[in-house]
Amino acid sequence: MAHETIDAAALDQLFREARTQNKWQDRAVPDAKLHELYDLLKFAPTSANASPARFVFVRTPEGKAKLKEALSAGNMEKTMNAPVTVIVSYDLDFHDKLPVLFPHAPDAKSWFTSSPSFAEQTAFRNGSLQGAYLILAARAVGLDAGPMSGFNNAKVDELFFAGTRWKSNFLVNLGYGDPSGLFPRSPRLAFEEAARFE
C-alpha cells in the first residue's frame, strides 16, 4: 500500500517546530488525552511485538512528591510544574506477555527465559524505542514533551517499582508548553556528518 507524505504542518508539529519544553502552562492534561497518546504509540514496532515498555503517568501531588526525591536540582522546577511526568520504564518479564502478543511463535518466551542478558537488552532497546514513540505520539495529539535524564534511576525504582521487575529508563514531562521557557534551538548534524551510503 502506497503512502503519501504527511503535510508540512504535521511534519512541523512532529519534528521541525517541536521543542523540548522547560516551562509549562497551568493547564491540565485530561486522562482521555493520555489514553489517546497510548493508543497511538502501542501500534509502533518492537522486536517480536514484545512491547516491553511500561509507563507511569505521574500527575498527583503524592506522586510528584515521591518523584521529587529522585530528581537532580536542574530538573526539579520544570518537573514539579509539568502537569504530567511519565516514567518510561521497561519490564524484564515482558516475555510473559508473548503468548498473547506473538502467538504465531509458541516458543517465543523461551528465547528470553533462556538468556537473561538477551532479555534485558531486548527490554531496554525496545522500551527506549517505545519511549521515543511516546514523544511523537504526544506531539501528534497536541501535547508538548520534555524528555530528560537527570534523576536517580535506583531511587525511582525503589519508590515506584519495589517488588516488580520494572526498571526506569528516562522521564518525559508532558503538558502544554510555555514558549518563554525555550532556549534557542541548538544546531543539528548535517547528513554528511551523521550518515553515509554503502
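Contact, on this tour, means heavy atoms within 4.5 Å. The model is predicted, so local features need pLDDT of at least 70 and side-chain atom pairs count only at pLDDT 80 or more, while totals for chains, interfaces and linings use all residues. Residues are numbered from 1 along each chain as its sequence is written, and side-chain values use heavy atoms, with hydrogens and water left out.

**Stop 1: L34.** Select L34, which lies in helix α2 (residues 31-41); helices here are DSSP runs of H or I with at least four residues, strands are runs of E with at least two, and both are numbered from the N terminus. Is L34 buried or exposed? L34 counts as buried because its relative accessibility is 6% (buried is under 20%, exposed over 50%, partly exposed in between, using a 1.4 Å probe and protein chains only). Now show what L34 touches: V29, F57, V84 and L174, leaving out residues up to four places away in sequence.

Stop 2: Next, colour the four strands, which form an open antiparallel sheet in the order β1-β2-β4-β3. Strands pair if DSSP finds at least two bridges between them. At the edges you'll find β1 (53-58) and β3 (144-148), each pairing on one side only. Five bridges join β3 to β4 (residues 166-175). Zoom in on M148, and you'll see L171 of β4 opposite.

**Stop 3: two helices.** Finally, pick Q13, L14 and F15 in α1, which meet L136, R139 and A140 in α7.
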